[in-house]
Amino acid sequence: MKKCYLRYLKLIAKSKKPHTIGEKLLKPCLLNAVEEVLGEEAKNKIQKIPLSNNTVKARIDKISFDMEEQLVVKIKNSPFYALQCNKSTDVSQCCQLLVFVRFLDDDNTIKEELLLLQELGTTSKGSDVMKIINDYFEKHDIMWEKLAGFCTDGAPAMLGSRSGLATLVKEKICSVLTTHCVIHRQALASKTLPEELIYTLKQSVKMVNAIKSSALNTRIFKIICSDLDSEYETLLFHTEVRWLSKGNMLTRLFSLKEEVTVFN
């Protein structure tokens, strides 16, 4: 029963739905199915599984705490580890700090996990980020001396020569190797494309916008894709804020090039 209960909690957590889904949807479905297939006695056993909102939240919090403790123990046992930090602001203007850790596991394989996710309440300077990371390390007794690598984006708050996060980390351990994230480098490199590629990109964006900007054109294009048994039925917008969407937009456009030709 306990093993089955933990599986239910994992499913509820993975669904990213309100925890009340366990009591309002999952449990009634289980009771009806079990009663129909196995009878009243089995139904009474399933009835004892606690799936209320508060119970599910408390259990998931315990699972989360246990997973975090296991990760901290693995980091402590590793001869070295590396960190990657990034700040991200969502559509609600909430600035969040994400810290990933890479370490050597017990089976001598390099593992990468999310170590910390925390909101930056006011400013997002290098000193603010450093305080959050340092407080977390002190809370869990993680040694700075084992830090071998530190990777960030190219923002001044991260790589500033005086008060940047990388500089503050080097004050903790001067031997750490700091690097600039490869994906961010690619984003910077894409800003200075040759004229031929820039022209191609602009024309691609223009074609996508011509179809996506009109509800009628979007519906017509969807019908064309359906008639041609295409893998996809919609194109993707390109946005400057999320540079990775540039590649996704071009990939989707290329895969639907025949459909776009028919539409034009």
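This is a predicted model: local features need pLDDT of at least 70, side-chain atom pairs count only at pLDDT 80 or more; totals for chains, interfaces and linings use all residues.
## Basis

Local features need pLDDT of at least 70 and side-chain atom pairs count only at pLDDT 80 or more, while totals for chains, interfaces and linings use all residues. Residues are numbered from 1 along each chain as its sequence is written, and side-chain values use heavy atoms, without hydrogens and water.

## Helix H10

H10 covers residues 215–227. Helices (H or I, at least four residues) and strands (E, at least two) are DSSP runs numbered from the N terminus. From first to last C-alpha, H10 reaches 19 Å, close to the 18 Å expected (1.5 Å times one less than its number of residues).

Phe221, Ile224 and Cys225 are the buried residues of H10 (buried is under 20% relative accessible area, exposed over 50%, partly exposed in between, with a 1.4 Å probe and protein chains only). They cover an arc of only 95° around the axis, which puts them on the same side of H10; the arc is that of the directions from the helix axis to the C-beta atoms. The buried residues of H10 pack against helices H9 (195–212) and H12 (257–263). On the face turned away are the exposed Ala215, Arg219, Ile223 and Asp227.

## Nonpolar cores

A nonpolar core is a set of buried Ala, Val, Leu, Ile, Met, Phe, Trp, Tyr and Cys residues joined through side-chain atoms within 4.5 Å. The largest has 29 residues, and Tyr81, Leu83, Leu115, Ile133 and Phe137 have the most contacts inside it (contact means heavy atoms within 4.5 Å). Helix H5 gives the most to this core, with six residues. Apart from this core lies another, of 12 residues, among them Leu9 and Val34.
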